[in-house]
Amino acid sequence: MSRATGGPREFGDGPLSRAAAVVHTLLVVELLLLVSMLPGLAVLLLLDRDSSNLPLVAAAALPLGPAVSAALHTLRHQRPDLTDLRPAATFLRAYRANLPGVLRVWAPTLLWLAVIAVNLANLPAAAVPGWWAVPLVVVGAGVVLVGVNALVIVSLFTFRTRDVLRLALYYLARKPGVTCGNVVLLAATAAVTAVFSEAVLALIAALLVLALLRIGDPMIDEIRTEFTA
């Protein structure tokens, strides 16, 4: 079989080879995600679902940010050529390079969410009116969505932390399709966790990261065009 230009098709250039490259990359990324998240995942599986454990849940989720960041970078820069795949090397390189920047946005996000969750869980004990739950939930949802945008941005671009947060907040309104897509993805993630467990969620982590990347494509492309040389 020849190409339209008349040249011979090389091995690794066909659609089946490209599909195999995607599957291979996803499998490698899934394995590395599991290894990277294992300490936090083990803690989460051992914790009782009690409000007193919410700060520990936040601490256990800390390894999730750098792992997802490295996975986002790897999947964004995956090679379509089956003969030139290095997803493990790309993941490890991105993990090391992105770690400081990711923690600067991920750790405060978890801290905010832990404070909000503890307040929500203790509203009756604090004798606070029930309607206070509404603004707390709204603020919590905003923190999650800004945190997700920030995680995607810091994984793929090199900006100052304050600029990452500004862009993450800006694109909540600038790209409503991305925001709505993230809401749906987060709702599905929460549903899987509630019905099954964190372990089931971890087994499909690479697919969830790929979905997050595809949802964020319009934001990513615009940032690359408007804010990078």
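Author: Helix 5 and helix 10 are oblique to each other, because of the angle between them; oblique is what remains once angles under 35 degrees (roughly parallel), over 145 (roughly antiparallel) and 65 to 115 (roughly perpendicular) are set aside. This is a predicted model, in which local features need pLDDT of at least 70, side-chain atom pairs count only at pLDDT 80 or more, and totals for chains, interfaces and linings use all residues. Residues are numbered from 1 along each chain as its sequence is written, and side-chain values use heavy atoms, with hydrogens and water left out.

Reader: By what is a pair of packed helices described?

Author: Two packed helices are described by the angle between their axes and the distance between the axes. Here the axes of helix 5 and helix 10 (residues 217-227) cross at roughly 50° and come within 11 Å. Axes are lines fitted to C-alpha atoms, for helices over the stretch in contact, with angles from 0 to 180 degrees between N-to-C directions. Helices (H or I, at least four residues) are DSSP runs, numbered from the N terminus.

Reader: Which residues of helix 5 and helix 10 meet?

Author: Asn-149, Val-152, Ile-153 and Leu-156 of helix 5 meet Met-219, Ile-220 and Ile-223 of helix 10, contact meaning heavy atoms within 4.5 Å.

Reader: At what angle do the axes of helix 3 and helix 5 cross?

Author: The axes of helix 3 (residues 64-76) and helix 5 (residues 133-156) cross at roughly 55° and come within 9 Å. Helix 3 and helix 5 are therefore oblique to each other. Their contact includes Leu-72 and Arg-76 of helix 3, and Val-152 and Leu-156 of helix 5.

Note on methods. Helices (H or I, at least four residues) and strands (E, at least two) are DSSP runs, numbered from the N terminus.
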